[in-house]
Amino acid sequence: MSVPSADALRARKGQAKLVCITAYDVAFARLCDRSGVDLILVGDSLGMVVQGHANTLPVTVDDIVYHTRAVRRGTTRAHLCADLPFMSYQASQDEAVANAGRLIKEGGAESVKLEGGVEMAETVRRLVSIGIPVMGHVGMTPQSVHRLGGFKVQGRQADAAQHILEGAQAIAEAGAYSIVLEGIPASLGAEITRSVSVPTIGIGAGADCDGQILVLNDLLGLDPDWKPKFARRFATLGTDAMGALAQYASEVRDGRFPSSEESFK
């Protein structure tokens, strides 16, 4: 099966839900790809999930390029999108073009994602005009964590909801092929989905979005102590892994590992 293009994903609007997931390395990318997901995102969430930071702000373009290369090696059928990290596109359109180009040329991504609504519409338009497909992102935008006062649900007040709606419409009109809606009321997610011509991809935005995305580590329950409200655990691999590691330690200490079958003659 060929990798779906950004245009092919855009055409899925109203036809079939888009299944999207984050991944940061080749092993998990291969598993995601083989499971049949439509799109893998190398998110700047790696700053928190992989690097252990309190937010996504320290992530660099080099970080995203590195992880996108790794994911590229494990991906053969899913569309691969890479995040433009904080301050890699906000200062100027020329900088956005240069850094997006790196994610495509050096990282092997097929599209890029950036955060922001009306204020980013012309940047989206510029990138699309030179052949770089763009996924948008509105609502709770992690790169604006300090302005938002933390990772909080956005759009509960009428004026804030209208601002998010207008932002989504602006980047859709500018040429984004899809838009992530994060951390907004389900009713607003549904309203935006009805109002734009491109697929919406929800994460904490309700079931009426055209698709959903989750951080892989959240979906798999890799951190037993972390469970955000919007993320369902489809497995508890963190607990399973700790059990396996404890058993390994026990068997090493009492001499049961390695056995004769696991030793060479």
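User: In this predicted model, how do the axes of helix H4 and H5 cross, and within what distance do they come?

Analyst: Reading a helix pair starts with the axis distance and the crossing angle. The axes of helix H4 (residues 61-73) and H5 come within 9 Å and cross at roughly 20 degrees. Because angles under 35 degrees count as roughly parallel, H4 is roughly parallel to H5. The crossing of these two helices, H4 and H5, is right-handed.

User: Which residues of H4 and H5 make the contact?

Analyst: The general idea is that an α-helix has 3.6 residues a turn, so residues three or four places apart point the same way. Here H4 contributes Val61, Asp62, Ile64, Val65 and Thr68, while H5 contributes Asn99, Arg102 and Leu103. By class, the residues of the contact of H4 with H5 divide into four nonpolar, two polar and two charged.

User: At what angle do H5 and H6 pack, and how far apart are their axes?

Analyst: H5 and H6 pack at an angle of about 50 degrees, and their axes lie 10 Å apart. That angle makes H5 oblique to H6, and the crossing of H5 and H6 is right-handed. On the H5 side the contact is made by Gln93, Asp94, Ala96, Val97 and Ala100, and on the H6 side by Glu122, Thr123, Arg126 and Leu127. The contact of H5 with H6 has four nonpolar, two polar and three charged residues.

User: How many strands close into the barrel, and in what order?

Analyst: In general, strands of a sheet pair through backbone hydrogen bonds, either parallel or antiparallel. In this model eight strands close into a barrel in the order E1-E2-E3-E4-E5-E6-E7-E8, and the pairing is parallel. Neighbouring strands of this sheet are turned by 25 degrees against each other on average, with direction ignored. Helix H5 (residues 93-105) packs on the sheet, where it touches strand E3 (79-83) and strand E4 (111-113), and the direction of H5 makes about 130 degrees with that of E4.

User: Over how many bridges do E5 and E6 pair, and which residue in E6 does glycine 136 stand opposite?

Analyst: Strand E5 (residues 134-139) pairs with strand E6 (residues 178-182) in the parallel sense over five bridges. Glycine 136 stands opposite isoleucine 179 in E6.

User: Which backbone angles deserve a look just after H11, and where else does a positive phi occur in a residue that is not a glycine?

Analyst: Just after H11, glycine 255 takes a positive phi of about 85 degrees. In the segment after H11 one also finds proline 258, which a cis peptide bond joins to phenylalanine 257, with omega about 0 degrees. Methionine 87, although not a glycine, has a positive phi of about 65 degrees, and methionine 87 is found in the loop between E3 and H5.

Notes:
Residues numbered from 1 in each chain as written. Predicted model: local features only at pLDDT ≥ 70, side-chain atom pairs only at ≥ 80, totals over all residues. Heavy atoms only, no water. Helix = DSSP H or I, 4+ residues; strand = E, 2+ residues; numbered from the N terminus. Pairing = 2+ DSSP bridges. Axes fitted to C-alpha atoms, helices over the stretch in contact; angles between N-to-C directions. Contact = heavy atoms within 4.5 Å. Parallel < 35°, antiparallel > 145°, perpendicular 65-115°, else oblique. Left-handed = near helix turned anticlockwise from the far one by under 90°. Nonpolar A, V, L, I, M, F, W, Y, C, P; charged D, E, K, R; others polar.
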